[in-house]
Amino acid sequence: GSGNLPLEYVLQTMSYPEDLNFILKFHPSAVISYVEEIKEKYERRNFKIVQNYDSYDLLCASDVCVTMGRSTLTFEAFAFDKP
């Protein structure tokens with residue numbers, strides 16, 4: 001296998017400590033109905049789901065960046081010195 005975990009498995013199994021804020025940003029080409037479905041199922045006070053939002057703004061405001069699959073954001077996080 002590719003070593004990639006399905007998104008919903010990750011969302012179902014991760015914990016969301018109340019003292020942390022989480023943002024899941026979908027790629028702009030993601031199917032809007034799927035993004036809305038995920039948003040409806042998983043979004044909560046400290047876990048927001050966005051799609052058309054500037055990745056660099058999010059990266060600058062974050063302490064940690066986690067990517068799923070292949071993403072240039074991984075390398076950009078290193079450039080911004082984000083683990």
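The following questions and answers concern a predicted model of one protein chain.

Q: In what order do the elements of the protein chain run from the N terminus on?
A: The protein chain holds four helices and two strands. Read from the N terminus on, these elements follow the order α-β-α-β-α-α.

Q: What is the radius of gyration of the protein chain, and which value would a compact globule have?
A: The C-alpha atoms fill a box of roughly 35 × 35 × 25 Å along the principal axes. For 83 residues, a compact globule would have a radius of gyration near 12 Å, and the value for the protein chain agrees with this. That value is 13 Å.

Q: Among contacts in the protein chain between residues at least 6 apart in sequence, what percentage join residues at least 24 apart?
A: A contact here means heavy atoms within 4.5 Å. When the count is limited to pairs at least 6 apart in sequence, the share that joins residues at least 24 apart is 51%.

Q: Which helix gives the most to the lining of the largest pocket?
A: The largest pocket contains about 1400 Å³ of space. Its lining comprises 35 residues, and those closest to its centre are I23, L24, K25, V66 and T67. At least two lining residues come from each of α1 (7-13), β1 (22-25), α3 (55-61) and α4 (72-79). The greatest contribution, five residues, is made by α3.

Q: Which residue caps the N-terminal end of α4?
A: The backbone nitrogen of L73 has a side-chain oxygen at 3.0 Å.

Q: Is D81 buried or exposed?
A: The relative accessible area of D81 is 68%. Residues over 50% count as exposed, and therefore D81 is exposed.

Q: Is Q51 buried or exposed?
A: Q51 is placed in the loop between β2 (47-50) and α3. Its relative accessible area is 10%, and the limit for a buried residue is under 20%. Q51 is therefore buried.

Q: Which residue has its backbone oxygen 3.3 Å from a polar atom of the side chain of Q51?
A: Leaving aside neighbours within four places in sequence, Q51 is in contact with K25, F26, H27, P28, S29, A30, I32 and V35. One of these residues places its backbone oxygen 3.3 Å from a polar atom of the Q51 side chain. That residue is P28.

Q: What is the relative accessible area of C65, and which residues does C65 touch?
A: C65 lies in the loop between α3 and α4. With a relative accessible area of 18%, C65 is buried. Apart from residues up to four places away in sequence, C65 touches L59, L73, A77 and P83.

Q: How are M14 and C65 separated, C-alpha to C-alpha?
A: M14 is found in the loop between α1 and β1 and is partly exposed, at 28% relative accessible area. M14 and C65 are 51 residues apart along the chain. Their C-alpha atoms are separated by 15 Å.

Q: Which residues does P17 touch, not counting residues up to four places away in sequence?
A: P17 belongs to the loop between α1 and β1. At 30% relative accessibility, P17 counts as partly exposed. The C-alpha atoms of P17 and R44 are separated by 12 Å. The residues that P17 touches are F22 and N46.

Q: What distance separates the C-alpha atoms of P6 and M68?
A: P6 is located in the segment before α1 and is exposed, with a relative accessible area of 52%. Along the chain, P6 and M68 are 62 residues apart. The distance between their C-alpha atoms is 8.9 Å.

Methods
Residues are numbered from 1 along each chain as its sequence is written. This is a predicted model: local features need pLDDT of at least 70, side-chain atom pairs count only at pLDDT 80 or more; totals for chains, interfaces and linings use all residues. Side-chain values use heavy atoms; hydrogens and water are left out. On a 1 Å grid over the protein atoms alone, a cavity is a set of points where a 1.4 Å probe fits but cannot get out, and a pocket is an open set with protein on both sides within 12 Å along at least five of seven lines; lining residues have an atom within 4 Å of a point. Grid points are joined across faces, edges and corners, and a volume is the space filled by probe spheres set on the points. A polar contact is a pair of N or O atoms within 3.5 Å; within protein, one must be able to donate a hydrogen and the other to accept it, and residues adjacent in sequence count only if both atoms are side-chain atoms. The radius of gyration is taken over C-alpha atoms; the globule rule is 2.2 Å times the number of residues to the power 0.38. Buried means under 20% relative accessible area, exposed over 50%, partly exposed in between (1.4 Å probe, protein chains only).
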